Amino acid sequence: MKFFKNSSGIKFWIEKVGEKIWVHFKGRTFAVDNKQEPLVHKKTSDVQKKSNLVSPVPGRVLSIKVKEGDSVQKGDSLIVIESMKIEHTLTAFQSGRIKSILVQKGQSVESNEKLLIFE
């Protein structure tokens with residue numbers, strides 16, 4: 001694992017495991033491989049156009065904080081995933097209503113797997 005600090009003083013760690021590169025930043029972990037652009041570098045405008053919440057890492061669903069039909073505000077906690085013994089709280093990237101939840105507590109999920117859909 002290598003530690004980095006950019007010119008603004010932001011600290012992050014990078015670790016390569018097999019073909020995957022793991023970026024640890026502000027308590028969250030993002031998987032990057034040579035075939036995809038880094039999830040952490042997506043433009044906000046690109047993310048907001050989507051109506052799906054996807055898992056940034058492979059792991060297991062620890063808890064689901066919302067139910068279908070709930071209204072959420074940007075930044076609200078939605079789902080907690082455990083990956084490599086680290087808990088990742090996924091938050092709403094936009095305000096809206098939950099149309100459907102595609103996973104259950106205890107379910108294993110893959111990176112980029114759809115977890116829920118916004119209306």
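**Group meeting: a walk through a predicted chain**

Buried residues make up 32% of the 119 residues in this chain. Keep in mind that what you see is a predicted model.

The secondary structure comes to 1 helix and 12 strands. Along the sequence, the pattern reads β-β-β-β-α-β-β-β-β-β-β-β-β. The accessible surface is about 7,600 Å². Carbon and sulfur atoms hold 49% of that surface. Now contacts. Take those between residues at least 6 apart in sequence: 47% of them join residues at least 24 apart.

How far does the predictor trust this? The mean pLDDT of the chain is 79. Of the residues, 77% reach 70 or more. Where is confidence lowest, and where is it highest? It is lowest in helix 1, residues 44-48, with a mean of 43. It is highest in strand 6, at 94. Look also at residues 41-49. There pLDDT stays under 50. For that stretch the model has 7 contacts beyond four places in sequence.

Strand 2 covers residues 11-17, and strand 3 covers residues 20-25. They pair antiparallel, over 5 bridges. W13 stands opposite H24 in strand 3. The two strands form a hairpin, with 2 residues between them. G18 sits in the turn and has a positive phi of about 65 degrees.

Next, strand 8. Strand 8 runs over residues 77-83. Is it mostly covered or mostly open? Mostly covered: 5 of its 7 residues are buried. It has two partners to look at. One is strand 6, residues 59-64. Strand 6 and strand 8 run antiparallel, joined by 4 bridges. V61 has I81 in strand 8 as its bridge partner. The other is strand 9, residues 86-91. Strand 8 and strand 9 also pair antiparallel, over 6 bridges. Here V80 stands opposite T89 in strand 9. Strand 8 and strand 9 make a hairpin with 2 residues between the strands. In that hairpin M84 takes a positive phi near 55 degrees.

First, S63, which lies in strand 6. Why does S63 count as buried? Its relative accessible area is 19%, and buried means under 20%. So S63 falls inside the cut-off. Leaving out residues up to four places away in sequence, S63 touches L78, I79 and V80. S63 also pairs up across the sequence with G106, in terms of distance: they are 43 residues apart in sequence, yet 7.8 Å apart in space, C-alpha to C-alpha.

Second, S83, in strand 8. S83 is buried because its relative accessible area is 5%, against that cut-off of under 20%. The side chain of S83 reaches the backbone oxygen of P58 at 2.7 Å. Setting aside residues up to four places away in sequence, S83 touches V57, P58, G59 and H88.

I101 stands opposite L116 in strand 12.

In soluble globular proteins, nonpolar side chains tend to be buried together. The largest nonpolar core here has 20 residues. Which of them touch the most other members? L78, I79, I98, L116 and F118. Which elements give two or more residues to this core? Strand 8, strand 10 and strand 12.

Last, L116 itself. Leave aside its neighbours within four places in sequence. L116 is then in contact with S51, N52, L53, V66, L78, I79, I98, S100, I101 and L102.

Find strand 8, with 5 of its 7 residues buried.

Conventions
Residues numbered from 1 in each chain as written. Predicted model: local features only at pLDDT ≥ 70, side-chain atom pairs only at ≥ 80, totals over all residues. Heavy atoms only, no water. Pairing = 2+ DSSP bridges. Core = buried A, V, L, I, M, F, W, Y, C linked by side-chain atoms within 4.5 Å. Buried < 20%, exposed > 50% of the residue type's maximum accessible area, 1.4 Å probe, protein only. Contact = heavy atoms within 4.5 Å. Polar contact = N/O pair within 3.5 Å; in protein donor to acceptor, adjacent residues only side chain to side chain. Areas by Shrake-Rupley, 256 points an atom, 1.4 Å probe, with all protein chains shown as cover. pLDDT = per-residue confidence, 0-100.
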